[in-house]
Amino acid sequence: METIGTFGASRYSIRDLQLFCESDEPAVLDALAGCEVVRVAKGCRVEDPFLARLYIVLSGALAVESDVPVGIHDGTVTLIHPGESVGEQAVLDESPNLSRISAVEDSELLVIEHELVWRLIDESVALPRALLRLLSFRVRAANALLRRRQRLGEFYRELSLNDPLTGLYNRAWLNEMLGKLVARACQDGRPLSLVMIDLDHFKKFNDTHGHLAGDTALCTAANVLRAALRPTDFAVRYGGEEMLVVLPETGGKVALSVAERLCRRLRAAVVFDDMRLPLPHITGSFGIATLAPGLDENTLLEAADAALYRAKQAGRDTISL
Ligand SMILES: Nc1nc2c(ncn2[C@@H]2O[C@H](COP(=O)(O)OP(=O)(O)OP(=O)(O)O)[C@@H](O)[C@H]2O)c(=O)[nH]1
């Protein structure tokens, strides 16, 4: 960063500076005339480790990385073009500018020390207004960025907890949630049941009709679950062709009637191939387990799995407790 003269002796006009374009007061003109103009070569840092200063780009452009402690850069870069400024917040806070500022092309900058900015704020009418306008714009832009990031975070979180093929919750969701649901049920003395479902002879279905038809059958089964459950129930893809339904507030008797409904609807569901022709119907075996004293989420899952095994042994397309 090299000093090349003063603003008063430069070819630039105050009308080109966003913050000062309405400040035609003689005191402001005089004060700015004595401020330094510096040159920063392309790619070089604007070194400002200890000082609060306002920089106004006169020519070229600056890249400003987010205003966070050194070493914790979050990837946000703002470009500052001629007429625009950087460092207002540091000046108002009277603290060093923590942003990493560098020139993206050979640039000339007007440098205003923080004491002078404060003096001009006291003496000028137009500068405080321009500063307020600028800060309000910055706050709105920062809020919009935060909202975008939050939405993106929610999107990725959802993505990580859902099975991409069927759209049901996945095993990661179950690992995170089942323990909590079971703990809440135990604490409140409320019932909770699981229905473990395994599609029957699915290997044969795949081998006969192809893996893509198998995928379609899995989606059909997932749709059956989704359509038949209450909004407070949860359907999870537990493994390949295994699904799990979590039924909070549900005892064994009601769980049995839910499983019967699912079994019936699955048997009746039509799976279409890619030519929209119906394929043979699929069926499932169902194992039910209901929370009881001494069970936790793992033993409850084991109980549902054991019940499913019994349903398979009993000939499939059936339900076992
Ligand atoms: N198309 C498709 N097939 C899958 C997927 N995940 C698992 N499978 C298949 O599901 C089949 C499961 O086979 P098995 O575990 O032998 O069970 P099964 O043939 O259904 O027999 P039973 O459960 O005893 O009735 C395997 O062929 C897997 O390849 C998937 O995402 N898509």
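Modeller: A residue is called buried if 20 or more other C-beta atoms lie within 10 Å of its own. In this predicted model, 31% of the 321 residues of the protein count as buried.

Biologist: What does the secondary structure of the protein come to?

Modeller: The protein has nine helices and 11 strands. As for its contacts with a separation of 6 or more, 72% of them are between residues 24 or more positions apart.

Biologist: Let us begin with a single residue. Why is E22 called partly exposed?

Modeller: E22 has 16 other C-beta atoms within 10 Å, and since a residue is buried at 20 or more and exposed at 12 or fewer, a count in between makes it partly exposed. The place of E22 is in the loop between β1 and α1, and, leaving aside residues up to four places away in sequence, E22 touches A126 and A130. The C-alpha atoms of E22 and R129 are separated by 9.5 Å, although these two residues are 107 residues apart along the chain.

Biologist: How do you know that the span of helix α7 agrees with its number of residues?

Modeller: Helix α7, residues 211-228, has 18 residues, and at 1.5 Å a residue it should span 26 Å; its end C-alpha atoms are 26 Å apart, so the two values agree.

Biologist: Which residues of α7 are buried, and what makes them lie on the same side of the helix?

Modeller: The buried residues of α7 are G214, A217, L218, A221, V224 and L225. Around the axis these residues cover an arc of only 115 degrees, and therefore they are on the same side of α7. On the other side of α7, L212 and A227 are exposed. The buried residues of α7 are covered by elements that include α6 (202-209), α8 (252-268), β7 (192-199), β8 (234-237), β9 (242-248) and β10 (284-290).

Biologist: Why are α6 and α7 called oblique to each other?

Modeller: The axes of α6 and α7 come within 6 Å and cross at roughly 135 degrees. An angle over 145 degrees would count as roughly antiparallel and one of 65 to 115 as roughly perpendicular, and α6 and α7 are therefore oblique to each other. The contact is made by F202, F205, N206 and H209 on the α6 side and by H211, A213, G214 and A217 on the α7 side.

Biologist: Which strands of the open sheet are its edge strands, and what makes them so?

Modeller: The open sheet has five strands in the order β8-β9-β7-β10-β11, with mixed pairing. Its edge strands are β8 and β11 (319-320), each of which pairs on one side only. Helix α8 packs on this sheet, touching β7, β9, β10 and β11, and its direction makes about 170 degrees with that of β10. Helix α9, residues 297-313, also packs on the sheet, where it touches β7, β10 and β11, and its direction makes about 145 degrees with that of β10.

Biologist: How do you know that β10 and β11 pair?

Modeller: Two strands pair if there are at least two bridges between them, and β10 and β11 have two bridges, in the parallel sense. G287 has S320 as its bridge partner in β11.

Biologist: What makes β9 mostly covered, and in which sense does β9 pair with β7 and with β8?

Modeller: Five of the seven residues of β9 are buried, and in that sense the strand is mostly covered. Seven bridges join β9 to β7, and these strands run antiparallel, with L194 opposite V246 in β9. Four bridges link β8 and β9, again in the antiparallel sense, and A235 stands opposite V245 in β9. β8 and β9 form a hairpin with four residues between them.

Biologist: What puts the buried residues of helix α3 on the same side?

Modeller: In α3, residues 114-123, the buried residues H114, V117 and L120 cover an arc of only 120 degrees around the axis, so they are on the same side of α3. The face turned away from that buried side carries E115 and D122, which are exposed. What covers the buried residues of α3 includes α1 (26-33), α2 (88-93), α4 (126-161), β3 (53-65) and β6.

Methods
Residues numbered from 1 in each chain as written. Predicted model: local features only at pLDDT ≥ 70, side-chain atom pairs only at ≥ 80, totals over all residues. Expected span 1.5 Å × (residues − 1). Arc of directions from axis to C-beta. Contact = placed C-beta atoms within 7 Å. Axes fitted to C-alpha atoms, helices over the stretch in contact; angles between N-to-C directions. Parallel < 35°, antiparallel > 145°, perpendicular 65-115°, else oblique.
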